[in-house]
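Please look over the chain shown below before reading on. The report that follows goes through its fold, its core, its charged pairs and its backbone.

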Amino acid sequence: MNINKTLEEDKLIIKLEGRLDTNTAPELDEELKKDLPNVKELVLDFKELVYISSAGLRVVLSTQKTMNKQGKMVIENVNDLIMEVFEATGFIDILTIN
C-alpha cells in the first residue's frame with residue numbers, strides 16, 4: 001500500500017493506494033498518529049484503494065473517534081467493493097462518505 005499525504009495548514013489529505021489489510025493497517029495507523037495531533041480536518045481519499053480488511057476498518061474507526069474530538073473526517077472516492085464493506089459493517093452510518 002502507498003500512502004500519499006498532503007498537509008494544508010490544519011487539513012490533512014491522505015490518498016491510499018492498494019490494500020488496507022492486516023499487513024498495511026499498522027503502517028497507516030503510525031502515520032496517522034504522527035500527523036493527527038494538529039489536524040482539524042482529515043480527508044481520506046480511497047480512489048486507488050482496492051481492498052479493506054477488518055484491520056483496516058479498525059484503523060478507520062479509531063481515526064474517526066479521534067477526529068470527532070478535534071474536527072472532522074471525510075472519506076472520498078469510495079469504490080463499490082469498499083462501499084459494500086462499509087454497508088455490511090454499519091460503518092456507512094458512522095462515517096462521512098462523499
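## Fold and overall dimensions

Helices and strands are here DSSP runs, of at least four residues for helices (H or I) and at least two for strands (E), and they are numbered from the N terminus. The model is a predicted one, and its chain holds 3 helices and 4 strands, which follow one another from the N terminus in the order β-β-α-β-α-β-α.

The C-alpha trace spans about 35 × 25 × 20 Å along its principal axes. A compact globule of 98 residues would have a radius of gyration near 13 Å, and the 12 Å of this chain agrees with that expectation. Buried residues account for 40% of the 98 residues. Of the contacts between residues at least 6 apart in sequence, 67% join residues at least 24 apart.

## The nonpolar core

The largest nonpolar core has 27 residues, of which Ile-14, Leu-42, Phe-46, Ile-75 and Phe-86 touch the most other members. At least two residues of this core come from each of strand 2 (11-20), helix 1 (25-35), strand 3, helix 2 (54-70), strand 4 (72-76) and helix 3.

Ile-75 gives a view of these surroundings: with neighbours within four places in sequence set aside, Ile-75 is in contact with Leu-44, Phe-46, Val-60, Phe-86, Leu-95, Thr-96, Ile-97 and Asn-98.

## Aromatic pairs

Across the whole structure, a search finds 2 aromatic pairs. In one of them, the ring centres of Phe-46 and Phe-86 are 6.3 Å apart and the ring planes stand at 35°, so this pair is tilted. Because Phe-46 belongs to strand 3 (residues 41-52) and Phe-86 to helix 3 (residues 80-89), the pair ties together parts that are 40 residues apart in sequence. Phe-46 is buried, with a relative accessible area of 0%, and Phe-86 likewise counts as buried at 0% relative accessibility.

The rings of Phe-86 and Phe-91 also have their centres 6.3 Å apart, but with their planes at 5° this pair is stacked. Phe-91 is buried, as is Phe-86, and the ring pairs link Phe-46, Phe-86 and Phe-91 into a cluster.

The structure holds 5 salt bridges. One of them joins Lys-5 to Glu-31, with the closest N and O atoms 2.4 Å apart, and this pair links distant parts of the chain, since Lys-5 lies in strand 1 (residues 2-8) and Glu-31 in helix 1, 26 residues apart. Lys-5 is partly exposed, with a relative accessible area of 36%, whereas Glu-31 counts as buried at 19% relative accessibility; the cut-off for buried is under 20%. Lys-5 also meets the side chain of Asp-35 in a salt bridge of 2.6 Å, N to O, and here too distant parts are linked, with Asp-35 in helix 1 and Lys-5 in strand 1, 30 residues apart. Asp-35 is partly exposed, at a relative accessible area of 25%.

A further salt bridge is formed by Asp-21 and Arg-19, whose closest N and O atoms are 3.4 Å apart. Asp-21 is buried, with a relative accessible area of 13%, while Arg-19 is partly exposed, with a relative accessible area of 42%. Elsewhere, salt bridges that share partners join Lys-5, Glu-31, Lys-34 and Asp-35 into one network.

## Loop residues with positive phi

Which loop holds Asn-77? Asn-77 lies in the loop between strand 4 and helix 3, and its phi is near 55°, a positive value in a residue other than glycine. At 37% relative accessibility, Asn-77 counts as partly exposed.

Glu-9 is found in the loop between strand 1 and strand 2, and the phi of Glu-9 is likewise positive, near 55°, in a residue other than glycine. With a relative accessibility of 77%, Glu-9 counts as exposed, the cut-off for that class being over 50%.

Technical notes:
Residues numbered from 1 in each chain as written. Predicted model: local features only at pLDDT ≥ 70, side-chain atom pairs only at ≥ 80, totals over all residues. Heavy atoms only, no water. Phe/Tyr/Trp six-rings, centres within 6.5 Å; stacked < 30°, edge-to-face > 60°. Buried < 20%, exposed > 50% of the residue type's maximum accessible area, 1.4 Å probe, protein only. Core = buried A, V, L, I, M, F, W, Y, C linked by side-chain atoms within 4.5 Å. Contact = heavy atoms within 4.5 Å. Salt bridge = Lys/Arg side-chain N within 4 Å of Asp/Glu carboxyl O. Rg over C-alpha atoms; globule rule 2.2 N^0.38 Å.
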